[in-house]
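The sequence and the model are shown first, and the description follows.

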Amino acid sequence: AGLRGGRRGAAMIRYSTGKWGVAFVCSLKGSVFPKAVPWALPNAILSTVLHYLFNKENVSEAVGAGDVGASVLGGFTFILGFLIVFRSQQAYARWWEGGTLLQQLRGEWFNAFSSCIAF
């Protein structure tokens, strides 16, 4: 009992909520931050350096990335928005179809039970 894939399941992590009930937010035990920081920190430093270079040193004119970046960002935003709307619409249609089928199933069971009682 309690085996998953040949090894014991991990026990629940007990969090100490502290006096105000929010001390667990700053704890590292059971957190994803220790694994996320090595990926996020270099990217944050790189973006800060690029932001400084493009805004303070006027590198954007030399590279020619001013107008191109805006158009690429606009295209990306449009495509991302389109995909989000499409996925939401598909999910809503599937949810509505499921609800309709559940109501139909309920009606079929009601008719079957009514037939059993009538005969």
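Helix 3 spans residues 66-118 and holds both Tyr92 and Trp95, which lie three residues apart, about one turn of the helix. The model is a predicted one. In the whole structure, a search finds three aromatic pairs. Tyr92 and Trp95 form one that is stacked, with 6.0 Å from centre to centre and 25° between the planes. Ring pairs also bring in Trp96, so that Tyr92, Trp95 and Trp96 are linked into a cluster.

| Residue | Relative accessibility | Class |
|---|---|---|
| Tyr92 | 52% | exposed |
| Trp95 | 57% | exposed |
| Tyr52 | 46% | partly exposed |

The cut-off for an exposed residue is over 50% relative accessible area. Tyr92 counts as exposed because its relative accessibility is 52%, whereas Tyr52, at 46%, counts as partly exposed.

Tyr52 belongs to helix 1, residues 33-56. This helix has 24 residues and reaches 32 Å from its first C-alpha to its last, close to the 34 Å expected at 1.5 Å a residue. Helix 1 bends by about 30° at Trp39, and a proline, Pro42, follows within four residues.

Tyr52 also takes part in a nonpolar surface patch of about 1,100 Å². Other residues that make this patch include Leu28, Val32, Phe33, Val37, Leu41, Ile45 and Phe54.

Notes
Residues are numbered from 1 along each chain as its sequence is written. This is a predicted model: local features need pLDDT of at least 70, side-chain atom pairs count only at pLDDT 80 or more; totals for chains, interfaces and linings use all residues. Side-chain values use heavy atoms; hydrogens and water are left out. Rings of Phe, Tyr and Trp (its six-membered ring) pair if their centres lie within 6.5 Å; planes under 30 degrees apart count as stacked, over 60 as edge-to-face and the rest as tilted. Helices (H or I, at least four residues) and strands (E, at least two) are DSSP runs, numbered from the N terminus. Buried means under 20% relative accessible area, exposed over 50%, partly exposed in between (1.4 Å probe, protein chains only). Patches are made of residues with over 30% relative accessible area and no salt bridge: like charges are joined within 9 Å, nonpolar side chains (Val, Leu, Ile, Met, Phe, Trp, Tyr) within 5 Å. Accessible areas come from the Shrake-Rupley method with a 1.4 Å probe; for residues, only the protein chains shown count as cover. A salt bridge is a side-chain nitrogen of Lys or Arg within 4 Å of a carboxyl oxygen of Asp or Glu. The expected span of a helix is 1.5 Å times one less than its number of residues. The bend at a residue is the angle between axes fitted to the seven residues ending there and the seven starting there.
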